[in-house]
Amino acid sequence: MEFFDNHKKLFGSALQLFIVLTVFVAILPALNNQENNAPLPNAKPLNEDEVAGKNVYISQGCVACHTQQVRNVDMDKVWGSRPGIAADYANMERTDLWRNTATLMGTERTGPDLTNIGIRQPSKEWNLLHLYQPRAVVGKSVMPAYPWLFETKKELQEGDVEIIVPDEFRKNVSGKIVATKEALQLVAYLQSLKQVELPTGKPAPEFLYKKTSSENPKEKGQLLELDGESLYAQNCQSCHQANGEGLKGAFPALKGSPIVLGDDIELFVSIIMLGYDARPEFATMNGVGVDNNLSPEEVTAIINHERSSWGNNAKEVSLEEVKNILNLLEITAKK
Amino acid sequence: METTNIFTESGILITITLIAIPIIVASILLVLKSYSIIRKQKYEKSKKDYNEYISSLSAKELEELEKRQAEIDFELTHQELEGNAEAVDKKGLLHNIKDVNELRFVEKKKKSQPRPNIEPGLTKLILWYLGCATFWLVFGTTVGEYLGIKFAAPDIDHLSWLSFGRLRPVHTNSVFWGWGSLGMLGLSYYVIPRVSNVPIFNLKTGYHSLILINAAVILGSISLMAGINNGGGEYREYIWPIMALFGAGVFISLINFLKTIAKRKTREIYVSNWYIISAIMFLLVIAIVAYWPTWQNGLGETIIQGYYMHQGVGMWFMLFSLGLMYYFLPQQLNKPIYSYSLGILAFWAQILFYTLIGTHHFIFSAIPWWLQTVAIVGSMGMVIPVVAGTTNFLMTFNGSWHKISGSYTLPFYLIGIIFYFTGSLQGTAEAFRFTNLVWHFTDFTVAHSHLTMYGIITFMLWGFIYTLVPRLTGKEPPQITVGAHFWLALIGLLFYTVPLMYGSTLRGLMWMDGKPFIDSVELMEPYWLWRAIGGSLMWFSHLLFAYNFYIMVSKNKSESLLLEPKDIIAMNKKSSLTANI
């Protein structure tokens with residue numbers, strides 16, 4: 001056939017077919033998305049430090065292991081309160097002439113998703129220590145350590161942020177370990193990663209593939225009650241550690257803690273829900289309960305796990321008691 | 001969605017079926033073996049009965065037997081036909097006479113055929129390409145091996161240039177643009193002029209292209225380690241000025257090839273050239289779309305990323321390697337391709353469906369739902385070119401299966417073709433929405449990309465290189481190290497991928513159950529260790545490959561054995577000439 005024997009016609013038409021398809025499945029959708037898209041009204045643009053921190057995030061290649069996207073499937077609920085939408089990425093532009101836009105959505109979750117890390121783990125002290133040596137706070141972590149974002153100094157100068165590193169992780173280090181500007185900027189960027197609330201009245205897209213469990217809600221409540229250890233691991237463990245002993249100079253021990261073992265359940269619940277900053281020798285605790293939308297059942301399960309583990313032996317707290325306190329605190333548990 | 005009945009999901013079922021194919025073949029072998037054992041036992045019993053019977057023969061029967069024995073014992077002198085004269089092969093009809101007097105630990109495979117009429121200049125160019133490719137293979141997989149070790153020992157070093165996030169793209173990009181691309185281009189510098197039946201248009205351009213591409217990979221690797229990258233899209237980590245060098249290198253080779261084809265002496269354009277030229281043209285389109293430095297804000301970046309990474313794999317590597325396969329496979333089997341038309345069907349179907357599937361890496365993400373659906377449909381359409389291609393290759397093999405055991409190149413071809421089938425269809429199954437729930441974001445993707453980029457592309461390239469280089473240089477690699485290379489690479493790949501796929505499935509199910517994330521990290525530990533072990537075997541096989549390549553091209557001749565009569569005569573004539581002077 002003449003068509004097949006003429007290289008101009010043959011290669012020309014193959015190229016045309018490919019270009020036409022490219023225009024329709026890639027170029028037009030991409031253009032459409034970048035033109036017809038505006039950031040959400042509540043979205044805050046990154047400040048100077050946060051932009052610099054994002055550049056540190058890019059240059060260290062964090063995207064190799066961390067995604068920044070909440071898919072509209074039920075299993076992704078742990079990473080954000082609603083699925084991601086195109087507007088979430090609308091204010092991202094090319095980094096500069098040389099480097100492409102960094103949406104940092106990622107394709108691998110070797111480590112956790114970071115879309116909402118600014119709400120889930122906002123503690124600066126925790127983040128700095130975790131960057132210096134992840135295994136100092138999360139024993140099973142396989143994340144690389146980033147000691148080059150820190151320097152050692154003999155004397156602290158004004159404005160220096162020192163991090164307290166457990167002895168076993170500061171071998172061959174003499175002096176004080178101080179965060180560099182890059183480390184502080186990176187943490188500022190991580191703290192800025194928060195899902196933006198949709199404008200009021202606008203329904204969020206639904207999470208798909210819900211667990212259509214046969215269990216009725218009552219049973220579900222009981223199940224969650226049994227899940228205290230796993231809830232503790234998800235919400236508390238990265239600071240207070242699996243052995244409940246915390247980390248010296250950063251996060252207090254729950255083992256033998258008067259608050260955990262005491263009778264002032266109101267204080268206990270309020271710390272979990274709203275955070276705590278009463279003791280200068282320790283880092284500030286954020287309102288884990290409110291930030292992570294913990295339900296009364298979940299709070300009860302965590303409290304009872306803490307009161308009965310690591311040699312702690314205090315009497316069980318009832319769901320009713322916690323619910324009453326939550327009402328008192330005027331916290332409407334959303335779940 | 002109940003997690004307990006994942007076995008009703010078609011995507012999972014297809015994957016299990018694909019993994020099951022080799023296992024089923026092994027089971028069939030097992031059944032046949034046990035059947036023969038049973039039969040043998042039955043036979044033993046009837047032998048016993050027979051023995052009982054013959055121990056009680058009558059005198060007359062014995063007499064008959066003795067007579068028969070005398071007849072059987074009759075012998076000829078063994079010289080009735082040949083006489084006593086010396087054997088002579090006056091017409092030179094006997095070749096390749098096998099010597100049975102040596103210990104055959106390694107079976108003797110067919111030697112490669114010398115092709116005398118290749119210009120030495122072109123030979124040199126091709127060897128440079130393949131040599132650089134081999135270097136990048138060893139470099140890239142050394143980096144990959146080190147990355148695999150980091151999962152088991154995250155504190156093995158604390159240097160920013162060697163940290164995981166920076167080194168990972170160094171591994172992927174150097175095997176992509178260094179090993180795979182240079183290997184394919186080098187081989188096409190042989191295939192394109194040969195099937196066009198003309199010399200290459202311009203040899204020098206070939207070197208320019210080689211230098212540009214090497215420069216891109218060197219600069220790219222250094223800049224990535226220094227922390228300068230494009231912002232995170234996979235295989236798009238080099239910044240555009242560096243990728244422009246690569247693009248320019250490929251572009252000048254494209255012009256070179258087109259000019260070669262334009263003055264071809266054959267009327268038709270052989271199907272290899274369809275695939276190869278299209279792959280090069282498409283790569284340039286893909287690179288320009290993805291790297292044009294003034295657009296892609298917001299999610300536009302992600303849509304283009306999905307398009308780019310998948311077209312890079314499917315239109316550049318896959319299309320190119322298939323083109324090379326359409327030349328080398330018939331040539332190695334010494335028969336025409338089974339169906340030219342199937343090759344053409346697969347060609348157009350690949351362009352049509354493959355272009356659509358890019359966004360299947362971002363299923364359930366914020367990109368438009370219709371685009372995700374198109375990608376899934378396109379992924380299913382990929383069954384057509386994959387089945388057409390596999391059928392074509394296997395039917396070409398048909399009738400020549402016996403050649404595999406006698407060749408050190410064909411096993412590489414066969415493994416490449418099998419993985420082309422299972423790896424590509426696995427990709428289709430992974431694109432289904434449910435399988436995406438379980439496997440997306442896990443190391444299943446890593447296993448899949450190694451089954452394809454390594455199982456398909458790399459195995460095919462090895463087969464082609466072992467075919468071509470001995471023809472160019474007249475030197476063959478030692479069979480034992482080629483065999484060791486093949487088996488280490490194949491077993492290593494299976495150790496790498498199978499545990500990783502199993503562990504990742506468990507991890508995905510764990511996420512669906514809402515278990516704490518760190519538990520899923522702990523779960524992966526043994527599977528990551530298996531990956532490092534498999535990776536080590538693969539890496540060691542690459543050292544053997546590099547050694548084999550060195551043997552095939554090394555110039556320092558050891559004392560050569562002259563076995564051919566004409567060589568011995570020539571040597572004698574030469575020495576008598578020098579003696580006369």
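This is a predicted model: local features need pLDDT of at least 70, side-chain atom pairs count only at pLDDT 80 or more; totals for chains, interfaces and linings use all residues.
**View 1. Helices α13 and α16 of chain B pack together.** Helix α13 spans residues 410-430 of chain B, and helix α16 spans residues 479-512 of chain B. Their axes lie 11 Å apart, at an angle of about 15°. Angles under 35 degrees count as roughly parallel, so α13(B) is roughly parallel to α16(B). The crossing of α13(B) past α16(B) is left-handed. From α13(B), the contact uses B:Pro411, B:Phe412, B:Ile415, B:Phe419 and B:Gln426. From α16(B), the contacting residues include B:Val482, B:His485, B:Phe486 and B:Met501. By class, ten residues of this contact are nonpolar, two are polar and none is charged.

**View 2. Helices α8 and α9 of chain B cross at roughly 175°.** Helix α8 covers residues 300-333 of chain B, and helix α9 covers residues 340-354 of chain B. Their axes come within 11 Å. Angles over 145 degrees count as roughly antiparallel, so α8(B) is roughly antiparallel to α9(B). On the α9(B) side, the contact is made by B:Gly343, B:Gln350, B:Ile351 and B:Tyr354. Among their partners in α8(B) are B:His310, B:Met315, B:Leu319 and B:Tyr326. This contact has eight nonpolar residues, five polar ones and no charged ones.

**View 3. Chain B meets chain A.** In this interface, 96 residues of chain B are in contact with 83 residues of chain A. The two chains bury about 7,600 Å² between them. Carbon and sulfur atoms account for 66% of that area. Three salt bridges are counted between chain B and chain A. The side chains of A:Asp5 and B:Arg267 form a salt bridge, at 2.5 Å from N to O.

Key: Residues are numbered from 1 along each chain as its sequence is written. Chains are lettered from A and ligands numbered from 1 in the order in which they are written. Side-chain values use heavy atoms; hydrogens and water are left out. Axes are lines fitted to C-alpha atoms, for helices over the stretch in contact, and angles run from 0 to 180 degrees between N-to-C directions. Helices (H or I, at least four residues) and strands (E, at least two) are DSSP runs, numbered from the N terminus. Angles under 35 degrees count as roughly parallel, over 145 as roughly antiparallel, 65 to 115 as roughly perpendicular and the rest as oblique. A crossing is left-handed if the near helix is turned anticlockwise from the far one by less than a right angle, and right-handed if clockwise. Contact means heavy atoms within 4.5 Å. Ala, Val, Leu, Ile, Met, Phe, Trp, Tyr, Cys and Pro count as nonpolar, Asp, Glu, Lys and Arg as charged, and the others, Gly among them, as polar. Buried area is the accessible area (1.4 Å probe) that two parts lose on being put together, summed over both. A salt bridge is a side-chain nitrogen of Lys or Arg within 4 Å of a carboxyl oxygen of Asp or Glu.
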